[in-house]
Amino acid sequence: MSGPGSKEPTPGRSAAPITAVPVRYPERWVAAGIILVLAAMFVHMLFTNPAFNWPFMLDNMFSEPVVRGVWVTLSATVLSMVIGVVLGIVLAVMRLSGNPVLVTVSWTYTWFFRGVPRLVLAVLFGNLAILYSTIHIGLPFDNYWMPWLGLEGDARFFEIDARTLLTGYTAGLLALSLSEGAYMAEIIRAGLQSVDKGQTEASQALGMSKSKIMRRITLPQAMRVVIPPTGNETIAMLKDTALLAYVPVTIELFYQLQAIGTRSYQIFPMLVAACLWYLAITSVLMTGQYFIERRFNRSGRGTARERIVGGAH
Amino acid sequence: MAEKTRDHGEQEAAPETAEGAAAPGDALVVAENVHKSFGRLEVLKGIDLQVRRGEVMCIVGPSGSGKSTFLRCVNHLEKLTAGRLWVNGELMGYRQKRGRLYELRDSEIAAQRSDIGMVFQRFNLFPHLTVLGNIVEAPVQVKRVPRARATERAMELLERVGLPDKANAYPEQLSGGQQQRVAIARALAMEPSLMLFDEPTSALDPELVGEVLDVMQDLAGGGMTMVVVTHEMGFAREVGDSLVFMDDGVVVESGSPAEVLSNPRHERTQAFLSKVL
Ligand SMILES: Nc1ncnc2c1ncn2[C@@H]1O[C@H](COP(=O)(O)OP(=O)(O)O)[C@@H](O)[C@H]1O
Ligand SMILES: [Mg+2]
């Protein structure tokens with residue numbers, strides 16, 4: 001009796017669960033079928049094409065130099081990210097300092113290291129020893145001003161052979177770290193700028209010094225904005241450590257895998273091994289990133305709200 | 001020009017431009033011909049004011065008249081373009097030596113500011129710290145008070161502003177009125193000799209204004225020297241010792257609140273009051 005004409009709507013009448021026939025999507029089944037066939041063909045090839053040579057790959061994938069290469073890759077990732085973040089903080093603070101000298105230095109640095117490809121940087125740093133075969137620690141331009149003052153000798157206190165200081169690993173690490181510093185500087189600058197100006201003013205009004213305000217108030221709040229892209233940078237860096245092979249850093253993962261492949265004429269299996277190693281490590285990192293981001297997205301807010309629900313109210 | 005708050009400034013003449021002229025005895029804040037420009041925009045056009053110790057001065061005036069800018073000049077968040085400003089006998093932001101002004105270092109300015117509390121319209125609590133963390137931050141970091149003692153003192157202050165059970169809450173879990181009371185406690189934790197309030201209740205829902213004004217009234221009753229920019233005429237009348245009407249970067253009129261509110265002498269004051277009363 002609850003037709004459109006009836007005066008009183010009868011509540012509860014239409015509360016029965018809806019059991020309508022859903023729309024069918026036959027094209028989805030067709031697409032899934034095609035993809036399934038393609039996947040089967042691919043797997044078939046994986047197992048029948050002799051170029052894959054799985055037994056050889058498995059034999060060598062976990063050999064001692066390769067596992068050492070994995071550690072080198074991991075250590076290079078961690079070290080270059082740590083140096084890169086510290087450098088990035090310094091560069092970002094310089095950039096926002098308002099001091100024209102610091103701003104220019106920071107800008108030029110970022111311009112250079114963001115503009116040159118990492119591969120080129122890696123090779124370039126591998127060849128820095130050409131520039132200076134020995135590195136002297138002392139007063140600058142001594143060869144000009146010492147004779148001018150009528151002094152003999154030089155103002156160099158000690159010297160290092162550049163080839164011992166700039167071993168492949170150090171040179172490669174330097175290239176990656178310095179490059180990362182430029183990218184982190186941009187990320188951290190955006191984070192610092194995202195913090196409300198009122199925060200700085202309130203801190204200033206309390207008598208806090210500039211450096212205290214940066215360390216205690218601005219940086220911690222910038223972290224929310226900085227952390228997610230830093231996770232991406234870490235994963236990208238892990239992959240970019242493969243560039244160390246071109247410095248060359250002979251103990252590095254990709255170099256080792258390629259070396260084994262070249263030596264035994266089994267290039268393709270070792271390239272597959274490289275893919276698998278990088279995939280495995282980045283998968284672990286991505287999982288970690290997922291949890292860190294989930295934590296930071298509710299940072300202070302979500303956790304705090306849980307606390308209030310559980311306690312204060 | 002405008003009358004100064006001279007109702008109690010008996011013996012001393014305003015410090016003339018004499019070298020190293022110190023602030024007069026019982027005035028905590030002395031502003032002398034304070035000018036401030038942002039680029040070509042002159043926001044303060046010569047402010048002369050004195051705030052005695054223990055005085056509650058309310059500043060009213062239309063939006064954009066330079067009230068906030070003046071407050072920010074008092075603790076040197078803004079640099080004056082001309083004039084002088086003393087707080088507690090100290091020239092803010094500069095050292096005067098042999099007829100020249102030397103800018104103070106950041107650390108020296110920070111030290112001057114630590115004696116002046118400021119409360120903002122938008123609270124500006126630190127969102128990443130708890131209420132307790134907000135209050136102990138400056139005493140621990142700036143004054144090097146041991147954390148345990150700072151915490152004890154913070155709990156006393158929270159008691160005083162009526163929020164003893166919110167010590168471990170985060171700012172965003174609090175209502176606006178509660179946040180502003182925490183902000184007052186945070187400023188008081190530095191044991192300042194002067195408190196500046198910049199429209200402390202303007203961002204609050206009407207029903208929350210009272211709780212903040214109560215805390216401020218309590219503070220005034222305890223003898224705190226306060227400069228309060230506000231639109232709360234009731235507060236100005238009941239709690240204020242003096243009332244300053246600012247418009248277009250100048251002090252148009254000042255005197256006792258009752259006098260200015262009920263018997264404004266200047267046209268601009270009358271026009272403004274007719275709109276807000
Ligand atoms: N940092 C600034 N840069 C440029 N102009 C400003 C700045 N701060 C304030 N002003 C200007 O100064 C004038 C007075 O501002 P303010 O002191 O905030 O007034 P009030 O607090 O009385 O409303 C306004 O016209 C405002 O636009
Ligand atoms: Mg204002």
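Predicted model: local features only at pLDDT ≥ 70, side-chain atom pairs only at ≥ 80, totals over all residues.
## The shell around ligand 1

The residues around ligand 1 are B:F38, B:L41, B:V43, B:P62, B:S63, B:G64, B:S65, B:G66, B:K67, B:S68 and B:T69.

Oxygen atoms of ligand 1 lie close to several N or O atoms of the protein: a backbone N or O atom of B:S65 is 3.2 Å from one, and a backbone N or O atom of B:K67 is 2.9 Å from one. In the case of B:T69 it is a side-chain N or O atom that takes part, at 2.5 Å from an oxygen atom of the ligand. Of the 560 Å² of accessible area that ligand 1 has on its own, the protein covers 59%.

## The open sheet of chain B

In chain B, six strands form an open sheet with mixed pairing, in the order β8-β9-β10-β3-β11-β12. Because β8 (116-119) and β12 (250-255) of chain B stand at the edges with a single partner strand each, one side of each has no neighbour in the sheet. From one strand to the next, the twist averages 15°.

Within this sheet, β3 (residues 56-60) and β11 (residues 242-247) of chain B pair in the parallel sense over four bridges, and B:V60 has B:F245 in β11(B) as its bridge partner. Helix α6 (residues 206-221) of chain B packs on the sheet, where it touches β3, β9 (194-198) and β10 (226-229) of chain B, and the helix direction makes about 155° with that of β10(B).

How values were computed: Residues numbered from 1 in each chain as written. Chains lettered and ligands numbered in written order. Heavy atoms only, no water. Near = heavy atom within 4 Å. Polar contact = N/O pair within 3.5 Å; in protein donor to acceptor, adjacent residues only side chain to side chain. Areas by Shrake-Rupley, 256 points an atom, 1.4 Å probe, with all protein chains shown as cover. Pairing = 2+ DSSP bridges. Helix = DSSP H or I, 4+ residues; strand = E, 2+ residues; numbered from the N terminus. Axes fitted to C-alpha atoms, helices over the stretch in contact; angles between N-to-C directions. Contact = heavy atoms within 4.5 Å.
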